[in-house]
Amino acid sequence: MADPKAFLDVLKGRKSIRSFQARPVDSEVIKKILELATYAPTNCNQQAWNFIVVTDNETKERLVKEAASNTNLRRAPAIIVVTYDGWNYKEAIQGGALAVGHILLAAENFGLGALPMNSYGADTQIKKVLQVPASETICCFVLLGYPDGRAQAMQPVSRRPVEEVVHWGVFGTRKRPPFTYGPDDWTLETLRMHQRYYCRKTTLGKEMDIMSRDERALVRNTLAAVKTSILDLCSYDGSYVSEFPNVPVQMVDLLSETSLYTKAAAEQQVPQKIRQHIFSVYDEQASTLASQPVQTITMIYKLERLPAPLRSEMFSKAYATLEQGGEFIIFSRKSNPFLNLFFFIVKILFGNDVRKTGMYAFFGPYQPIRVSHTLTLLRRAGFTSIDWTGYFPVPPFYEQVYQMFLQYRKSEGSSYLHRETRLTVVSRLLSALFSFQGFMRVGRAGSVVVIRCQK
Ligand SMILES: Cc1cc2nc3c(=O)[nH]c(=O)nc-3n(C[C@H](O)[C@H](O)[C@H](O)COP(=O)(O)O)c2cc1C
């Protein structure tokens, strides 16, 4: 057991750990941590909590398979399932949460890493696998283990300044992002407010905006011929860094926190190329995107997320930054009956709040573009030679949407981000459909557009 740390070091040093060494955690250490958890306060001192410790792989596998638990479970040496007598839901969640807080700090104190996790799967199945009585409420899972090198190196995520969250006396007014799907409800300021904290929620480099194999391949194939350096505007999750040709890339993000995120994703995906890449932040005051003219600028599945005034501003700066003869290449999902139907259903089911659908929440608003409007803005920015092509009448990310639907159903609403691909008749049919559809150029019928503008 590591030497106890100073209290403030424990508080400030804790961070979520999502990758662990294979080394097991001694049961005496787990016991000590859970003993410290019992020092948390509870309503009327009922202490109606229970902690189930799972260390064997067979049970972890059953949780993943039968309860659609997060597959991270497999990588954690120990899992603590926190339950609380569910006679009163609010009280159970409050008591359980305080215990979880103690567990996380106690783990940090003993040199361990932990992750509180709510994407733990279907309550009813977990209760079956772990033989938990129906009367208990499952509050949270905590993954526990020794952080591996990658987890240790991860920077802690930024915290909101205390002045921003403290209200003396009354709540009063507080500026917050609109959280709607429509980009035009947002501004550069509210986009930054949202991204500063929200996008740093999960594993680095996770695919958010480019989830499908075909949409990704379209980027790879289109950029394959590029031999000059690239400036990529709004890189955000950085999940497609590995698709760039072997040229230096300058990745421009809206703020430094997102840029760090992109950089960490690139370090993970293309460590051998990281030295040739530059990570910078969009400067709204400057008239160009970079100090030197560039030959190629890309914007990859990000235009959907930008308010019209910011699009215009970026297009003008892209034009000003390009060398004569240079090219601006935009990949974007565009309005199409299938996509429109999808977003219509999403809004009916979850409401007009991007936070309620994890896949869109990370970087703000989301709306497939209108090509004609985009072409008008590009012409206004100075581009005269513009060429565009539509692809994929049926959006290829429907394969992922279907997997998400299966995950959502199986996990009883606990998560929908695809963890494991489930093979069913429908998934095979979709796969066959997308193979058939391929990369046919379909003009206006497409759900994705590639716009190429030359200066
Ligand atoms: C109740 C709760 C549930 C969480 N669930 C998940 C989860 O399912 N998956 C995940 O990767 N992180 C999860 N987290 C971790 C948060 O993303 C993380 O605490 C947050 O980004 C702040 O980072 P930090 O813990 O490093 O300070 C959860 C955190 C809390 C408090």
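Two strands pair if DSSP finds at least two bridges between them. With that in mind, look at strand S2 (residues 78–85) and strand S4 (136–145) in this predicted model. S2 and S4 pair in the antiparallel sense over eight bridges. One example to find in the structure is Asp85, whose bridge partner in S4 is Glu136. As background, the strands of a sheet pair through backbone hydrogen bonds, either parallel or antiparallel.

S2 and S4 belong to an open sheet of four strands, ordered S1-S2-S4-S3, with antiparallel pairing. Which strands stand at the edges? They are S1 and strand S3 (113–117), and because each has a single partner strand, one side of each is left without a neighbour in the sheet. From one strand to the next, the twist averages 25°. Helix H4 (residues 89–109) lies across S1, S2, S3 and S4, and runs at about 10° to S4.

## The seven-stranded sheet

The model also has an open sheet of seven strands. Follow the strands in the order S7-S6-S5-S8-S9-S11-S10, and you will see mixed pairing. Strand S7 (278–281) and strand S10 (385–391) are the edge strands here, each with a single partner strand, so one side of each has no neighbour in the sheet. The twist averages 20° from one strand to the next.

Now zoom in on strand S8 (residues 294–300) and strand S9 (residues 322–333), which run parallel and are joined by six bridges. In this pair, Ile297 has Phe328 of S9 as its bridge partner. Helix H9 (residues 213–223) packs on the sheet, where H9 touches S8, S9, S10 and strand S11 (448–454). The direction of H9 makes about 165° with that of S9. Helix H11 packs on the sheet as well, touching strand S5 (230–233), S8 and S9. For H11, the angle with the direction of S9 is about 145°. Is S9 mostly covered or mostly open? S9 is mostly covered, with nine of its twelve residues buried.

## Where H11 meets H14

H11 (residues 308–321) also has a helix to meet: its axis and that of helix H14 (residues 371–381) come within 8 Å and cross at roughly 45°. Why are the two helices called oblique? An angle under 35 degrees would count as roughly parallel, and 65 to 115 as roughly perpendicular; H11 and H14 cross at roughly 45°, and are therefore oblique to each other. The crossing of H11 past H14 is right-handed.

From H11, the contact is made by Ala308, Arg311, Ser312, Phe315, Ser316 and Tyr319. On the H14 side, the residues are His373, Thr374, Leu377, Leu378 and Ala381. Sorted by class, this contact has six nonpolar, four polar and one charged residues.

## Where H3 meets H5

H3 passes H5 in a right-handed crossing.

Which residues of H3 meet H5? They are Thr59, Arg62, Leu63, Glu66 and Ala67, and they meet Gln125, Ile126, Val129 and Leu130 in H5. The residues of this contact divide into five nonpolar, two polar and two charged.

Asn45 sits in the loop between helix H2 (27–37) and strand S1 (49–54). Its phi is near 55°, a positive value in a residue other than glycine. Is Asn45 buried or exposed? Asn45 has a relative accessible area of 54%, and exposed means over 50%, so Asn45 is exposed.

Although Gln131 is not a glycine, it has a positive phi of about 50°. Gln131 is exposed, because its relative accessible area is 70%.

Arg18 is found in the loop between helix H1 (7–13) and H2. At 23% relative accessibility, Arg18 counts as partly exposed.

How values were computed. Residues numbered from 1 in each chain as written. Predicted model: local features only at pLDDT ≥ 70, side-chain atom pairs only at ≥ 80, totals over all residues. Heavy atoms only, no water. Axes fitted to C-alpha atoms, helices over the stretch in contact; angles between N-to-C directions. Parallel < 35°, antiparallel > 145°, perpendicular 65-115°, else oblique. Left-handed = near helix turned anticlockwise from the far one by under 90°. Contact = heavy atoms within 4.5 Å. Nonpolar A, V, L, I, M, F, W, Y, C, P; charged D, E, K, R; others polar. Buried < 20%, exposed > 50% of the residue type's maximum accessible area, 1.4 Å probe, protein only.
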